[in-house]
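Hello,

Here is the structure you are taking over. My notes on what was found in it follow below.

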Amino acid sequence: MDELNEQQQQRLEKLQILQDKGLRPFGTSFSTTHTLDTIAQTYSSLSKEELEATPIACTVAGRIMAMRRFGKAAFAGLQEEGHRLQVYLKKDVLGDQTYELCQSLDLGDWIGVEGRLFRTKTDELTVEVQTLTFLTKGLRPLPEKWHGLTDIETRYRQRYVDLIANPTVHQVFRMRSRIISTIRTFLTDREFLEVETPMMHPIPGGATARPFVTHHNTLDVDLYLRVAPELYLKRLIVGGFRRVFEINRNFRNEGISTIHNPEFTMLEFYQAYADYHDLMDLTEQLFHQLSLEICGSAMVDYQGQQINLAPPWTRLSYLDSIVEVNGLDQAILSDHHKAIDAAKSLGLAVPPKLSHVDLLVSLFEETVEPTLIQPTFITDFPIEISPLARKKESNPALTDRFELFIGGREIANGFSELNDPIDQRQRFEAQVTLRDAGDQEAQHLDEDFLRALEYGMPPTAGEGIGIDRLVMLLTNQASIRDVILFPQLRPDHTS
């Protein structure tokens, strides 16, 4: 029997001892007067003398994370939601029977205590326990290095252990909650209506992505987990809502990396009578407000880089960025052979029969994106890669579209929406041609959406913001897995 199983066996024996004493090792409710956090916030400034002069009673609960026994007394460290507090267990106060119970306590057990606050000889704020209630017996010991668990696989695969072992992780997810709450308030204050649209679609659409497929048995039809809510939100604009938004999950059957998770959270919002310039202004305001409320400053430290989220931000066209960042001749934008030579000179692989627009996309993604550290709107995307965006009136080969880049990666995508059903049908048909040629990410033709456009959609601008990447930025996390509680991982064949 290995060491882990021996420890588990010892805990099972202690479980039996508790049961033999008539105690509930997996107890019922327990009423507290304070959280460990409020104890620290409210009373940490009080001196030993002040606590003695005005006794403060409290009832708290938590998981035991440390235990020091001294014969007739013991100190235990409790943890709750990442916050810790020491409690003092004294035989003379608790009585023989209750103090004997302390011998059955292990790291990881949950207890509730009632007592008064005092300071120890080392000046640590502590609860002198008068009554102790056993709440839950932990049958599995904490990891050997619970006080600093660093194994990445364990942290992501067993997030519950990560939250126990690394209290700072709690703070990241509290901040995530505050970020989403602030976004909601920001949009509702501007008369946006929060809505919910289907997660299962008969036709996948709204983004260039490969969908997950499922099957509805009763209807006997295949359905697709949504890659984006876009086409449904636009239907609501057709129906007469002026401003709508949704914060919810998207699913894309694609790779897993530090910036990609197949299940991710997206904010999408649409505003009638607006264009993409209006949304760029709105996005600057939103990010600036988020930085002030979440980080306390417009200057955000991200992975050693100081990023200034105070507007205005740089705005640079897609094609001009390729030329300017690489110091290339404008001729590469129209001359395919010169573009190939330029790409090869920059060390890029150029597959045979690569189209000109795909070559420009490769140049942008490989050489421009990594340089966009400070907030930058890249605008005016080629029409071939923007099937849902409105054509530029000044240049129909381009679209009224932007993507926002911060820290070298895309954070948001928005555009003046295409509301011409004839043009939209032609673009869908071009996407179908790409699908027939083997492009599994090309979009489908959605007849119902085209019918909706034929009823008339007012001029509208729409945008999607990746919540996970935004949280990464504002909490200074390098991996998307550090801001998703339960990220998707490869199967664990060792357990």
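Strands, as named in this message, are DSSP runs of at least two residues, and helices are DSSP runs of at least four, numbered from the N terminus. With that naming, Asp 380 sits in the loop between E15 and strand E16 (401–406). Please keep in mind that this is a predicted model.

Asp 380 is one of the residues to look at for its backbone. Its phi is positive, about 60°, although Asp 380 is not a glycine. Is Asp 380 buried or exposed? Asp 380 has a relative accessible area of 13%, so it counts as buried, the cut-off being under 20%.

Tyr 273 also has a positive phi, near 65°, and is a residue other than glycine. Tyr 273 belongs to the loop between E11 and helix H10 (276–295). Its relative accessibility is 57%, and therefore Tyr 273 counts as exposed. As background, most residues other than glycine have a negative phi, and most peptide bonds are trans.

A cis peptide bond is found from Pro 311 to Pro 312, with omega near 5°. Pro 312 is in the loop between strand E13 (305–308) and E14.

Next, the sheet that E14 and E15 belong to. In what order do its strands run? There are 8 strands in an open sheet, ordered E6-E10-E11-E18-E17-E16-E15-E14, with mixed pairing. Strand E6 (193–194) and strand E14 (314–317) are the edge strands, each pairing on one side only.

Inside that sheet, strand E11 (residues 263–272) and strand E18 (residues 460–466) run antiparallel and are joined by 7 bridges. Gln 271 has Ala 461 of E18 as its bridge partner.

Two helices lie across strands of the sheet. Helix H11 (residues 318–326) lies across E14 and strand E15 (376–379), and runs at about 95° to E14.

On to the nonpolar cores. Which residues have the most contacts inside the largest one? They are Ile 183, Leu 267, Phe 287 and Ile 465, in a core of 45 residues. Helix H8 (residues 168–188) supplies the largest share of this core, 9 residues. Another core, of 29 residues, lies apart from it; Leu 18, Val 60, Ala 76 and Tyr 99 are among its members.

Ile 465 can be followed in more detail. Leaving out residues up to four places away in sequence, Ile 465 touches Thr 265, Met 266, Leu 267, Phe 269, Leu 286, Phe 287, Ile 411, Ala 412 and Leu 470.

Val 60 stands opposite Val 113 in E4. Strand E1 (residues 57–69) pairs with E4 in the antiparallel sense, over 7 bridges. How many residues of strand E4 (residues 110–119) are buried? The count is 7 of 10, and E4 is mostly covered.

E4 also pairs with strand E5 (residues 125–136), again in the antiparallel sense, here over 10 bridges. Within this pairing, Arg 116 has Glu 128 of E5 as its bridge partner. E4 and E5 form a hairpin with 5 residues between them, and Asp 123 in the turn has a positive phi of about 70°.

Regards

Note on methods
Residues are numbered from 1 along each chain as its sequence is written. This is a predicted model: local features need pLDDT of at least 70, side-chain atom pairs count only at pLDDT 80 or more; totals for chains, interfaces and linings use all residues. Side-chain values use heavy atoms; hydrogens and water are left out. A nonpolar core is a set of buried Ala, Val, Leu, Ile, Met, Phe, Trp, Tyr and Cys residues joined through side-chain atoms within 4.5 Å. Buried means under 20% relative accessible area, exposed over 50%, partly exposed in between (1.4 Å probe, protein chains only). Contact means heavy atoms within 4.5 Å. Two strands pair if DSSP finds at least two bridges between them. Axes are lines fitted to C-alpha atoms, for helices over the stretch in contact, and angles run from 0 to 180 degrees between N-to-C directions.
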